[in-house]
Amino acid sequence: MTIEPGDFVSVIGNNGAGKSTLLNTIAGTLSVDAGEINLAEHRVTNKPVAYRSRWVSRVFQDPKMGTAGDLSVAQNLTLAEKHTGSLSLRRYRRKGQTERYLDLLSSLNMGLENRLNTQVKYLSGGQRQALSLLMATLSQPQLLLLDEHTAALDPQTSHEVMELTQQIVTEQHLTSLMITHKLSDALTYGNRLVMVQDGQIKLDVRGAEKQALHAEDLMGLFES
Amino acid sequence: MLVTSIGQGLLWAPLVIGVFLTFRILDIPDLTTEGSFPLGAAITISMMLNGQSAVVATLMGFIAGCLAGWVTGILDTKLKMPSLLAGILTMTGLYSINMHIMGKANLPLLDQRTLLGLLPAEWSLNLQTIIVGGVIVLVVVGGLIWLFRTRLGLSLMATGNNPAMSAANGIYTDRMVIIGYMLSNGLIALSGGLIAQSNGYADIGMGIGTIVIGLASVLVGEIFLHGRKMWIRLTGMVVGAIIYRYLLTLAMGLGFPVNDLKILSAVILVIVICLPLLQNKYRTKRQLKRYLKQIGVDENATNSHPERRTLTKGLFSRNQQRTPRLKGRELDD
C-alpha cells in the first residue's frame with residue numbers, strides 16, 4: 001500500500017480486521033513480522049516511535065492518551081513543537097510563544113484560549129482531543145495518523161472535532177490516514193477509502209469512484 | 001530539639017528529593033534507594049579514609065549513586081523488567097558492592113575533616129550542620145528548578161506523565177527514565193554521604209528503611225506544602241524531610257528505643273497515607289452538603305451516599321489532595 005502526498009485516506013473494517021494494527025505498525029508501537037515501512041523515502045521498519053515522530057504524528061482514540069494530563073496546555077504545545085532535541089538544556093519557554101499559542105488555540109473555537117495554564121486533565125474530552133489534534137499538526141507532519149479520534153466523544157463534539165480535522169488537513173495540505181467506525185465519516189471525508197478485512201486490503205477506491213460509493217454498498221461488503 | 005531536626009532534615013533532604021524525582025516525576029517506586037544510600041556513605045567514608053578531601057569524597061558518592069541509578073535504569077528500560085524488580089536487583093547487588101568498598105560492616109572515620117569540619121570549630125555542631133546542609137540543599141533545589149525549566153526537564157515530566165504521548169512527540173522515553181534514575185540515586189547517595197559524615201561512620205545496614213523514610217517525607221511534605229510550581233513542590237520536600245526528622249525526635253523523646261524506630265517509620269507512612277484520604281472524605285461530604293443546599297434538595301431525602309470510595313492506590317497518583325477541591329470550584333462556576 002502506498003499513500004501519496006496529499007491523500008486523506010479513511011480506513012474502515014470489522015473489529016479485529018487489522019485497522020489498528022496497520023496504524024500501529026506505521027506509528028511504530030507494533031513491530032512488523034514481515035514487510036517494510038518507508039516514510040517520506042526513509043526506511044523506518046525497525047525504528048522506535050520517537051524516531052518516526054519526525055515524519056508521523058498521531059491523534060489517539062482515547063483523549064487522555066494524546067496529551068500529558070499533569071502538564072499545562074502551553075507545556076503540551078511546547079512538547080509538540082519542532083525543537084532542538086529533548087536533551088537540550090535550553091529554556092523551553094521562548095519569547096512570543098504565548099501570543100502564538102493563544103492565536104492557535106482561539107482558532108480552534110473550543111474555549112481553550114483562556115486555559116493556557118490549566119492542567120490538561122481538567123479539560124473536557126472534546127477540548128483534550130482538539131488540543132491533541134492541534135499538537136499533532138503543529139509541526140506539519142508528513143503523515144497524520146487519526147486513530148478513531150472521535151469515537152470517545154459525544155455526537156455533537158465528535159462532529160465538531162471532525163470538522164476541525166477536515167479544516168486543518170485542508171489548510172495545511174496534510175497527508176492523513178484515518179481509522180473510523182462511522183461509515184458516514186469515511187464517505188464524507190477524505191479522497192480515498194480503504195477497507196480492511198482479515199488483515200488484507202479488500203477495497204481501495206479514490207476520487208470519483210469513492211464519491212459514487214454509498215453506505216449500502218459498504219454494508220454489503222461487510223457482510224460478504 | 002527542633003534545631004537538631006532542621007540540621008538533620010537538611011542532610012536527609014537530598015534523599016527525599018531523590019525519591020520525589022522517581023516517585024512523583026517519573027511515577028516509579030524505586031527501591032534502589034536502599035542500596036544507593038549506603039553506597040554513597042561507603043564511597044564517601046572510604047575515600048576520606050584514603051586521604052581524599054571531604055568535598056571530593058562527597059561528590060564521588062553522588063557519582064557512584066548515579067551509576068547505581070544507571071544500572072536500575074538499564075534493567076528497567078532495556079531489559080524490560082518491572083521497575084520494582086529492577087530496584088530490588090540493584091539494591092541486593094549493591095549490598096555486596098558496599099561490603100567490598102567498606103571491607104567491614106562498620107567503617108568509622110578516624111580524625112578526617114568532614115564537610116562540617118570545614119567551618120570554624122568554635123561554631124556549634126547544629127549551626128555547622130544547618131549551614132552545610134542548607135548550602136547543599138540550596139544548590140540541589142536551585143539546580144532542579146533550573147532543570148525543570150529546560151526542554152530536558154519538560155521531557156522528563158512528560159515521560160513520567162504519559163510515556164506514549166511523549167514517544168509520539170519524539171522523546172526517547174528510555175533515555176529520560178535512565179536520566180531520572182541516575183539523578184535520583186545520585187541525590188540519594190549524596191544524602192548517604194552526608195549522613196555518614198555527620199554520624200562519623202558508614203554502616204552496611206544504614207540503607208534499611210530509607211525508601212519508607214523517603215516516601216513518608218514526600219507525603220508529609222505534600223501535606224504541608226502543595227502547589228503545581230516546581231519550587232513549591234521541591235521546598236515541600238525539604239520541609240517534609242525536616243518535619244519527619246522532628247517526628248522521629250519527638251518519638252525518641254517519648255522513650256522509644258532506637259530499635260523501634262523502623263516500625264515507627266512504617267506507622268508514620270501508614271498514617272500520612274491515610275490522612276489525606278480522611279481529609280478527602282470530609283471535604284467531599286461538606287461540598288455535597290453545600291451543593292444540595294444550593295439546589296434546594298433536602299439532604300436526608302436523598303439516598304445518595306456522600307462518601308466517595310477513595311482507594312489507597314489513588315493517593316499514589318499525583319495531586320490527590322487537590323482534586324476534590326478543584327471539583328468544588330467548578331461547581332461554584
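In the predicted model, A:Met195 has A:Leu203 in strand 8 of chain A as its bridge partner. Strand 7 (residues 192-197) and strand 8 (residues 200-206) of chain A run antiparallel and are joined by six bridges; strands are DSSP runs of E of at least two residues and helices runs of H or I of at least four, both numbered from the N terminus. The two strands form a hairpin with two residues between them, and A:Asp198 in the turn has a positive phi of about 50°. Residues are numbered from 1 along each chain as its sequence is written, and chains are lettered from A and ligands numbered from 1 in the order in which they are written. Because the model is predicted, local features need pLDDT of at least 70 and side-chain atom pairs count only at pLDDT 80 or more, whereas totals for chains, interfaces and linings use all residues.

A:Leu145 stands opposite A:Leu177 in strand 6 of chain A.

In chain B, helix 2 (residues 33-49) and helix 9 (residues 210-224) pack at an angle of about 105° with their axes 8 Å apart; axes are lines fitted to C-alpha atoms, for helices over the stretch in contact, and angles run from 0 to 180 degrees between N-to-C directions. Helix 2 of chain B is therefore roughly perpendicular to helix 9 of chain B, a class covering angles of 65 to 115 degrees. B:Thr33, B:Glu34 and B:Phe37 of helix 2 meet B:Thr210, B:Ile211 and B:Gly214 of helix 9 (contact requires C-beta atoms, placed from the backbone, within 7 Å).

Of the 15 residues of helix 9 of chain B, 12 are buried, so this helix is largely enclosed by the rest of the structure; a residue is buried if 20 or more other C-beta atoms lie within 10 Å of its own. The buried residues of helix 9 of chain B include B:Ile213, B:Leu215 and B:Glu222. Their cover includes helix 1 (2-25), helix 2, helix 10 (230-253) and helix 11 (261-294) of chain B.

Definitions and conventions:
Two strands pair if DSSP finds at least two bridges between them. Angles under 35 degrees count as roughly parallel, over 145 as roughly antiparallel, 65 to 115 as roughly perpendicular and the rest as oblique. Two residues are in contact if their C-beta atoms, placed from the backbone, lie within 7 Å.
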